[in-house]
Amino acid sequence: IDPARPVPDIRTALPGPEGQKVLDRDGAVTSPSLPRAYPLVPKRASGSTMEDVDGNLFLDLNAGIAVNSTGHTHPAVVAAIKEQADQLLHYSASDFYLPIYSQMCAALAETLPMEGPTRVFLTNSGAEAVEGAIKLARYATGRQHLISFFGAFHGRTYGAVSLTASKSKYHKGFGPLLSGVHHVPFAFAEIDENGHRSHDEEATFAELDRLFETEVDPSEVAAIFLEPVQGEGGYIVPPASWVQRLRALCDEHGILLVADEVQSGMGRTGRMWAIELADVQPDILISAKGLASGLPLGAFAARAELMEKWGAGAHGSTYGGSPIPCAAGLATLRTIQEEGLLANATTIGDQLLTGLRELQAKHPEVITDVRGVGLMIGVEFRDAATAAEAQNQAFQRGLLVLDCGVRTIRMSPPLVFTAEEATTALRVLGEALAALEA
Ligand code: PMP
């Protein structure tokens, strides 16, 4: 972080009657396009350091939203991509046998928190993997209804956005959505307008009881979709006992438990899969984001007997599991293992959590909660405006963090994040908070 470099003016988005206008540094309207969290324009990056088009350097605690798991442009990943590019760019794996596709499935299957044989299907994105999981859950069970949670985010395609929490910006204007989707309270939520946590562990099961008694028989429910650590909803870690109760409820009624590990998986929590924190096995597991360190690759995996019900051609994807993303995915899985990145996520995550709790003790009026596990950490602020201001103050000082939920900023740095970088991040955040309070 070079103090001599000019820092871009972050006050570029002004609310107006026609929506938000984007202003350039001189205050002129440049474009009516989508407003961004702050005006970062990335040029190149390495490890956990990002350089923008003006030559400003940033410490990246976003990692492209939990995507650059092995750090930016990891040499092993880049080499694997280049090597594969010289050999084969594409051949549809839904129609032909591609060895690298099978290698990727096999390597991923070895990491899964599921006993017994599994089958893996590769996709281009998280949302596409969620769609596949929805189709599989309905097909394999012959049931139609699906359950997900308040605060959940599963993607923006129709099935995925229907599972995404209701009453949100994600739904307005897009209906009718997928039918048969029900939302129930998550184990825990951000504080509400009155400063109270809006629900607790019992609220989930009380609402499920009510749902099963009055609206839908549990024998008609295909699956419960769970983020083992809720991501976009505010980086919220549910108690292990709550996840175990959900598993038991699924077993009781023959409902599939689907773990959406798009954000929480691939080592982010210090475990390969966050559901391992609760010692629970899902029936279907969904991955994307960190799976290929930045190339478009997603996956859903299921117990073999579920996916084997699909006949030939029941599901497919032209680009899903294309050779170059598979090469990057294989290199990512190897790198996580060879460089001990799960252990690193735990060690550095603990360092960050401890430092952040010290900052909370220093600024109790500003920070209302620090939570997380491994390198999936949320800092909850007293209100949304304060969280946004903290994010901007951090950006002005060269630290990239991003809001989530209602009033939380998240930290999801690359799994290669070092102790020295964590110390720098905490120092800069401390300065940002001091400026904010001043
Ligand atoms: N599921 C979860 C838990 C996610 O966090 C996201 C993305 N934020 C998605 C699904 C959708 O992934 P994608 O953007 O790759 O479609």
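Colleague: In what order do the four strands of the open sheet stand?
Modeller: This is a predicted model, where local features need pLDDT of at least 70, side-chain atom pairs count only at pLDDT 80 or more, and totals for chains, interfaces and linings use all residues. Residues are numbered from 1 along each chain as its sequence is written. Strands here are DSSP E runs of at least two residues, helices are H or I runs of at least four, both numbered from the N terminus, and two strands pair if DSSP finds at least two bridges between them. The pairing in this sheet is mixed, and the order is β4-β5-β6-β16.

Colleague: Which are the edge strands there?
Modeller: An edge strand of this sheet pairs on one side only. That applies to β4 (42-46) and β16 (399-400).

Colleague: Which residue of β5 stands opposite Ala45?
Modeller: β4 and β5 (residues 49-52) pair in the antiparallel sense, over four bridges. Opposite Ala45 stands Met50.

Colleague: Turn to the open sheet of seven strands; by how many degrees are its neighbouring strands turned on average?
Modeller: The pairing is mixed, in the order β7-β13-β12-β11-β10-β8-β9.

Colleague: Do β8 and β10 pair in the parallel or antiparallel sense?
Modeller: Strands of a sheet pair through backbone hydrogen bonds, in either sense. Ile147 stands opposite Ile224 in β10. Strand β8 (residues 145-149) and strand β10 (residues 221-226) share three bridges, and their sense is parallel.

Colleague: At about what angle does α3 run to β7?
Modeller: Angles run from 0 to 180 degrees between N-to-C directions, with axes fitted to C-alpha atoms, for helices over the stretch in contact. Helix α3 (residues 99-111) lies across β7 and β13 (298-303). To β7 it runs at about 125 degrees.

Colleague: Are α2 and α9 roughly parallel or antiparallel?
Modeller: Helix α2 (residues 75-87) packs on helix α9 (residues 323-338) at about 150 degrees, with the axes 8 Å apart. Angles under 35 degrees count as roughly parallel, over 145 as roughly antiparallel, 65 to 115 as roughly perpendicular and the rest as oblique. α2 and α9 are therefore roughly antiparallel.

Colleague: How many charged residues does the contact of α2 with α9 have?
Modeller: Contact means C-beta atoms, placed from the backbone, within 7 Å. Among the residues making it are Ala76, Glu83 and Gln84 of α2 and Pro323, Leu330 and Arg334 of α9. Ala, Val, Leu, Ile, Met, Phe, Trp, Tyr, Cys and Pro count as nonpolar, Asp, Glu, Lys and Arg as charged, and the others, Gly among them, as polar. The contact has eleven nonpolar and three polar residues, and the charged ones number two.

Colleague: Is the crossing of α3 and α9 left-handed or right-handed?
Modeller: The axes come within 9 Å and cross at roughly 30 degrees. A crossing is left-handed if the near helix is turned anticlockwise from the far one by less than a right angle, and right-handed if clockwise. α3 passes α9 in a crossing that is left-handed.

Colleague: How many polar residues does that contact of α3 with α9 have?
Modeller: The contributors include Tyr101, Gln103 and Met104 of α3 and Cys326, Gly329 and Leu333 of α9. Nine residues are nonpolar and none is charged, and the polar count is three.

Colleague: Are α10 and α12 roughly parallel or antiparallel?
Modeller: Helix α10 (residues 341-362) and helix α12 (residues 419-437) bring their axes within 10 Å, crossing at roughly 20 degrees. The crossing is right-handed. α10 and α12 are therefore roughly parallel.

Colleague: Which helix gives the most to the shell around the ligand?
Modeller: A residue is near a molecule or strand if its C-beta atom, placed from the backbone, lies within 6 Å of it. Of the 14 residues around the ligand, Gly126, Ala127, Gly155, Val262 and Gln263 come nearest. By class, the shell has five nonpolar, six polar and three charged residues. With three residues, the helix giving the most is α4 (residues 126-141).

Colleague: What is omega of the peptide bond from Gly175 to Pro176?
Modeller: Pro176 is in the loop between α5 (158-163) and β9. The bond is cis, with omega near -5 degrees.

Colleague: What is phi of Tyr235?
Modeller: Tyr235 sits in the loop between β10 and α7 (240-253). Its phi is positive in a residue other than glycine, near 55 degrees.

Terms used:
Two residues are in contact if their C-beta atoms, placed from the backbone, lie within 7 Å.
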